[in-house]
Amino acid sequence: MICLGFILTSCSGVDKSDASLNRDPFENTNRQIYAFNDSVDTLILEPVAYGYKKAIPQSAKTAVANHVFWAGLPNTALNSGLQGNWENAALSSLHFSVNALTLGLINLVSEEEPPVSQDFGKTLSVYDIPEGPYVVLPILGGKTSRHAFGQVANMIVNPYSALEEKKAISQAVSMQPVLSTISWRAANFDIVNDIKYNSLDGYVRARSAYYQLRFGEMPSSSIHKSEADSLFDDLDFEE
Amino acid sequence: MTVYSKLSVLLLSVCMLCGIFINNAALASKTDNAVSLVNELLDEVSNIQKTEISIEQRRTDFLKLIYAYFDINIIAKASTGPYWRAATSDEKEHYTKLISELIADVTSSQLGDIDNFSFDFQSSIPKGDKMVMVSGNLLVPNQSIPKISVKWRVSTPDSDIAKIIDVEFENISMLVTQKQENVAIIRKNAGSFPALIEAIEGKLRK
């Protein structure tokens with residue numbers, strides 16, 4: 001999610017349905033940090049991701065994506081447990097243990113439904129902690145305060161500490177934020193560039209995309225209405 | 001109970017059953033129409049992508065598809081929120097034309113040179129009595145993201161006409177995103193609808 005937030009924000013009379021005013025009380029400051037992140041993306045990440053996308057064979061890119069997913073599984077298992085989702089906790093533990101044989105580069109557990117990634121931000125939402133205002137952090141990007149706090153918690157409560165003696169694993173883990181950022185940016189190269197270069201207001205588009213994506217990932221998303229559902233509920237179809 | 005009463009109850013039951021049957025048939029027809037519309041559109045897009053034509057011609061072809069398959073009036077109205085009512089007829093007409101061109105432009109740019117894709121249909125669910133949600137996965141082999149979840153919101157008024165009003169990729173609604181951008185621009189310009197028109201014109205000129 002670090003890379004997701006970074007990319008979405010780096011490139012990136014009111015009706016009652018427009019929640020952006022309430023969600024983003026620090027918009028002016030956020031826009032300045034967004035502009036900084038945008039420059040970092042243009043100068044460093046975009047060219048690196050372009051090179052990665054063009055030069056690395058698809059099989060190697062898949063292996064890196066597998067590894068990044070695998071490296072996040074201990075946090076997923078922990079948070080799934082905290083959310084009471086024992087099935088996902090067990091599934092992610094199983095995937096992590098089996099795929100540790102290849103450092104996650106090759107997925108040895110072929111299942112139609114892999115474990116669903118979880119983080120502390122989602123766990124906090126399960127316990128009804130409010131999402132808080134939208135904040136854009138340097139490098140880390142834009143997210144809700146709850147999500148940002150959860151991300152810090154993810155870093156502090158690192159399940160890899162149990163594996164400290166396994167040098168290969170800890171080295172792989174230390175590379176994970178860099179790898180995941182490049183891998184994600186390359187995989188979403190055109191989409192992110194579309195936000196950067198084709199939008200009327202990149203900041204607003206990135207924020208909107210973040211909220212909608214995040215909503216879809218929330219454990220409670222199936223019981224709440226999405227923004228699109230609300231938009232069409234209020235819409236008068238007659239001309 | 002008299003014979004007449006029994007007959008009345010029987011007649012009423014038959015009428016209710018017919019009503020349920022007709023209603024279900026109408027709903028089934030709407031969902032079928034919506035799925036057919038999406039499949040037809042994807043076939044048309046695939047044909048355009050497989051043909052070697054100039055970027056300009058591709059945009060023109062996409063624009064024709066937008067007018068044929070999308071309810072551009074609803075999209076124009078929904079994408080400007082409360083500011084639609086305050087706009088003049090000329091502004092509404094101009095904006096509707098521009099937003100169609102913008103969608104064609106963005107679609108053409110996003111699809112790039114992808115010419116090999118298929119739609120794995122999952123479900124079609126009525127949303128109220130005027131809309132159907134068609135869901136599935138767009139399968140794009142040899143791409144960095146080979147499977148993209150897509151939901152199509154199709155407007156299905158009482159007539160047989162079905163038109164697309166929104167597309168969601170991985171839970172991101174194109175209409176919601178466009179509306180938020182539009183509203184931000186209008187608000188930044190003290191509620192001026194022409195400022196939005198100017199911004200879109202500027203974007204299309206690039």
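This is a predicted model: local features need pLDDT of at least 70, side-chain atom pairs count only at pLDDT 80 or more; totals for chains, interfaces and linings use all residues.
## Architecture of chain A

Chain A contains twelve helices and two strands. Along the sequence, the elements of chain A follow the pattern α-α-α-α-α-α-α-β-β-α-α-α-α-α. Of the 239 residues in chain A, 49% are buried.

The two strands of chain A, strand 1 (residues 134–137) and strand 2 (residues 141–144), run antiparallel and are joined by four bridges. Within this pairing, Leu137(A) stands opposite Gly141(A) of strand 2. The two strands form a hairpin with three residues between them, and Ile139(A), located in the turn, has a positive phi of about 65°.

## Aromatic cluster in chain A

Over all chains, the structure holds ten aromatic pairs. One of them is formed by Tyr34(A) and Tyr203(A): the ring centres are 5.6 Å apart and the planes stand at 80°, an angle over 60 degrees, so the pair is classed as edge-to-face. Because Tyr34(A) belongs to helix 3 (residues 27–55) and Tyr203(A) to helix 11 (residues 202–217), the pair ties together parts of chain A that are 169 residues apart in sequence. Both side chains fall under the 20% limit for burial: Tyr34(A) is buried with a relative accessible area of 11%, and Tyr203(A) is buried at 2%.

The rings of Tyr134(A) and Tyr211(A) also have their centres 5.6 Å apart, but their planes are at 40°, so this pair is tilted. It links distant parts of the chain, with Tyr134(A) in strand 1 and Tyr211(A) in helix 11, 77 residues apart. Tyr134(A) is buried, with a relative accessible area of 1%, and Tyr211(A) is likewise buried, with a value of 7%. Together with Tyr210(A), the residues Tyr34(A), Tyr134(A), Tyr203(A) and Tyr211(A) form one aromatic cluster.

Chain B contains an open sheet of five strands in the order 1-2-3-4-5, with antiparallel pairing. Its edge strands are strand 1 (118–127) and strand 5 (172–173), each of which pairs on one side only.

Strand 1 of chain B is joined by nine bridges to strand 2 (residues 131–139) of chain B, and the two run antiparallel. In this pairing, Ser118(B) stands opposite Leu139(B) of strand 2.

## Interface between chains A and B

The size of an interface is often given as the accessible area lost when the parts come together. Between chain A and chain B, the buried area is about 3,300 Å², and carbon and sulfur atoms give 56% of it. The contact involves 35 residues of chain A and 41 residues of chain B.

Four salt bridges are counted between chain A and chain B. Asp229(A) forms a salt bridge with Lys127(B), in which the closest N and O atoms are 3.5 Å apart. The partner in chain B, Lys127(B), falls within the range 118–127 of edge strand 1.

How values were computed: Residues are numbered from 1 along each chain as its sequence is written. Chains are lettered from A and ligands numbered from 1 in the order in which they are written. Side-chain values use heavy atoms; hydrogens and water are left out. Two strands pair if DSSP finds at least two bridges between them. Rings of Phe, Tyr and Trp (its six-membered ring) pair if their centres lie within 6.5 Å; planes under 30 degrees apart count as stacked, over 60 as edge-to-face and the rest as tilted. Buried means under 20% relative accessible area, exposed over 50%, partly exposed in between (1.4 Å probe, protein chains only). Contact means heavy atoms within 4.5 Å. Buried area is the accessible area (1.4 Å probe) that two parts lose on being put together, summed over both. A salt bridge is a side-chain nitrogen of Lys or Arg within 4 Å of a carboxyl oxygen of Asp or Glu.
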